[in-house]
Amino acid sequence: MSASRLRQGVIIFGVVLLLTFLFVQSRVVDFTAHERFTRDLRRLQEVDTTLNQDILKVRDGLLTYYDTLVTASAELNRLYQNIRRSIPSFIGAQGQRDLTRLLDAYAEVLASKTRELERFKSDNAILKNSLQYFPLVATEVAEEAGAHLPEQGPVTELKNLLRDLLVYTLLVREDLTLHLQARIDSLSHNRDAFASAVERSRLNTVLAHAQTILTYAPRVNGLIAELLALPLAQRSAALHTAYNRHYERALRTADGYRLVLYLLSVALLSYIAYIIVRLRQATQALNTANEHLEERVRERTAALQKTTEQLDQRNRMLVEQQQRLRAELADAAAYVTSRLPLPLTGDVQTAWQYIPSEQLGGDAFGYHWLDEDHLAMYLLDVCGHGVRAALLSISIANVLRSQSLPGTNFYEPAAVLQALNHTFPMEQHYNMFFTIWYGIYDKKHRRIVYASGGHPPAVLLTGAAADTVQCKQLRTPGLVLGCMPELTFQQAVCPLEADSILYIFSDGVYEIPKPNGTVLTFEEFVKILTRPIPPKHADIDHIVHTMQALGDSETFADDFSILQITFA
Amino acid sequence: MKWWYTLPVLLFCLVAIGLWQRFQSTEQAVPESVAPVVVTLVNEPIQAIPLQITLDEAKVKLGEKLFHDPRLSHNNSVSCASCHNLQTGGTDRRQRSIGINGAEGFVNTPTVFNSSFNFRQFWDGHAETLEDQMHGPINAPHEMGSNWQEVMAKLTAAPDYVAAFAALYPDGIQPHTIRDVIATFERSLYTPDARFDQFLRGNSEVLSEAEKAGYHLFKTYGCIRCHQGVNIGGNMFQTFGIMGNYFADRGSVTPADMGRFNVTGDRRDQHVFKVPSLRNVALTPPYFHDGSAAQLEDAVTIMGTYQLGRRLDPSEVDLIVQFLRTLTGTYKGRPL
């Protein structure tokens, strides 16, 4: 994992942790606990009030049993225990201390109240008992005594005590206490006055109850005053106030955390929204770019297709043109071939082989009887190959065949060459020049008159047997034709013996590049012509095959034309 | 502009979660109500016992079993019911109960019936609740002579208890769960529908004239000042011997005779006792903390003498006793 990835993870984890912390802190105020706590606090005050009311009811005889006091007291203690146990945890340490301190103070007062309440219940029971019983027993005793004693004196005193005690308790005349105590003491001292009439113990009981009333009435009233004065309500109010203060503080703190949480959340949301916007923009840009790209690709494709179509079309045209040209060339070649002479038979036999290096070659040859005794033979080679060479060579050949050089004796080879040189200057013929070998077979004199310009010599083989064959090269010192108009040519004569074979050929026949890089020389070619003793009807194809074998190729670099004339 | 929708959706989710949680918390905030024992109030110092008190029946059943189980005592000889025999008014009717190894107690055993209505437990009120009360007999060497660890160990060894407690409490057998179970059972030991309660509920015919006269005397002679409320006592302390020195007359004062003084150390609490309940009083002789009064009549007479300062006439005693006999209630629908 890369360092930035790790950092990103840590940041996300931190943010989540922070959010969680803030969320928990913002929700720290437990409203359930708060409600339970405040409910108990309120209830504490209510129950205290009810208890105070019930105490007063008990004093006034409106309530004749203590169950409600007991219930209220128990409820106060239970609520106090509850409150003590369930101070909400969101109250801070200071608050906990404050509340605990106030609860301690409350507990102190509550303990006093419980204690005083028990005292009140007991004392009130005694007082109420005596208050009810004293009039009864005092009246009984007074009546009993009255039967035996005079009306005045102790009996009256007893009745007065009864009356005063009732007034005392009914009106809460505490100022009468001393007066009543004096009466009780007086009666107590005069107990003997009743001796004859009433049992001493009964009188004692009467006095005891009177004393009880006198003692317990202020005591019970004091207890009530004390009970009601106990600052239980104030203590619980103080508790409530303190709690509310700390509760509000906790709320404020939680609100602070909540605010921070909201702010952080909003910031986070904004950031997310920003990221989404950025993402959308990027996507849109990408889409746009994509659309443009597609459009461009479409355009380019269309252009390419168009170009391809054009190319195809052009190609087709070219092919058509080429085909047409080839056809035309073929036609031309056919024409050239058609102009080549048919083999002669009889005394003079001919054979030839013509293989142009391209469809059309620059070589041309022919032979025709000028009269019964003279046979013209020629072979020319226009420099270069192809159509233009072929056109010139065919033109020259046609001129020679049709003997259409005005004022020229076609029996004189030098004159013919001179006329040709004059007629076909290279300036007028596309800078093309040519070589030629031209000879006349004179049947009557049995000789060959010949001339050549820049052409390889013709080879004349004489002799029937292989070992007796004689080879003559028929050459004249002439230059190529078409270059210099004023050139003159010489002609030579060669006598012809029986069984002679004349080979006339172009240089393309022997200038064969061998596989070793050297080129076959003329002398080597002559040897090839000479060495295998040619049969009577020499197979000219044999020469072609030999040359093909030497060049290691079916085709030839130059035009290949060779003319074989056999003289009987 | 699709992302615009995500913001409100997120906010809505936040608000929804917040509201949901708040809603949840207010639901939980409904105060769990402690069903108070509703006493039908009548304009008399004595209140009738409710006819029906709802309790967890499973706990009651288990508590009843424990209540009768002698394994709660050290030598497996004494159960709660040994002294608080439900067949004999919730007491053993002995002056002093016999604990383990024949040890004798210090005070008379009060009845277990209606003890839940008492504001404190024990004669000197040193236990605030039934649960607290149990510490006393379990640990006292002359009663059960055991302790909670021992009790817990014994109960844990009993698979039926383990299963029963496990079904009721997540923490199973614990001292506090044992106390809770037994206390719940004791709260079921209320005895409603005494003839006097029927009278309180408006059936004036149910009491004879003599019984009514007895009730009248009961009130006239101030007995009602202490023996009031639903339990006819049991809700306050009072000095034994207001109009005479009972203990001097009886002699041989024991520490137990000092009563609440033993708890508070307050001089004013000498000979102060919890006023006992008079419910089913006819069934629970002998009487007083010292079990000195064998007969109800004796008890009434002594009370007259020392609390009122009046030597009650036997005919008056008889009327009052007749009234007291109307306080015998029913348990599980049958008269005690």
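In this predicted model, Y168(A) counts as buried because 21 C-beta neighbours lie inside 10 Å of it, and the cut-off for a buried residue is 20 or more. Y168(A) belongs to helix α5 of chain A, which covers residues 154-171. When its neighbours within four places in sequence are left aside, Y168(A) is in contact with R173(A), L176(A) and L180(A).

Chain A has 568 residues, and 30% of them count as buried. Among the contacts in chain A between residues at least 6 apart in sequence, 75% join residues at least 24 apart.

Which residues have the most contacts inside the largest nonpolar core? They are V141(A), I213(A) and I320(B), in a core that has 108 residues. Helix α4 of chain A, residues 93-148, gives the most to this core, with 16 residues. A second, separate core has 60 residues, among them L420(A) and I543(A). As for I320(B), its contacts beyond the neighbours within four places in sequence are with G214(B), L217(B), F218(B) and V300(B).

Two helices carry the label α7, one in each of chains A and B, and they are taken in turn. In α7 of chain B, residues 159-168, the buried residues include Y161(B), A164(B) and F165(B). Seen down the axis of α7(B), the buried residues fall within an arc of 95 degrees, so they line one face of the helix. The table lists the helices of chain B against which the buried residues of α7(B) pack.

| Helix of chain B | Residues |
|---|---|
| α2 | 57-67 |
| α6 | 148-156 |
| α8 | 175-187 |

Helix α7 of chain A runs over residues 200-229, and its 30 residues should span 44 Å at 1.5 Å a residue; the C-alpha atoms at its ends are 43 Å apart, which agrees. Where does α7(A) bend, and by about how many degrees? The bend is at Y216(A) and comes to about 30 degrees, and a proline, P218(A), follows within four residues.

Key: Residues numbered from 1 in each chain as written. Chains lettered and ligands numbered in written order. Predicted model: local features only at pLDDT ≥ 70, side-chain atom pairs only at ≥ 80, totals over all residues. Buried ≥ 20, exposed ≤ 12 C-beta atoms within 10 Å, placed from the backbone. Contact = placed C-beta atoms within 7 Å. Core = buried A, V, L, I, M, F, W, Y, C linked by C-beta atoms within 7 Å. Arc of directions from axis to C-beta. Expected span 1.5 Å × (residues − 1). Bend = angle between axes of the 7 residues up to and from the residue.
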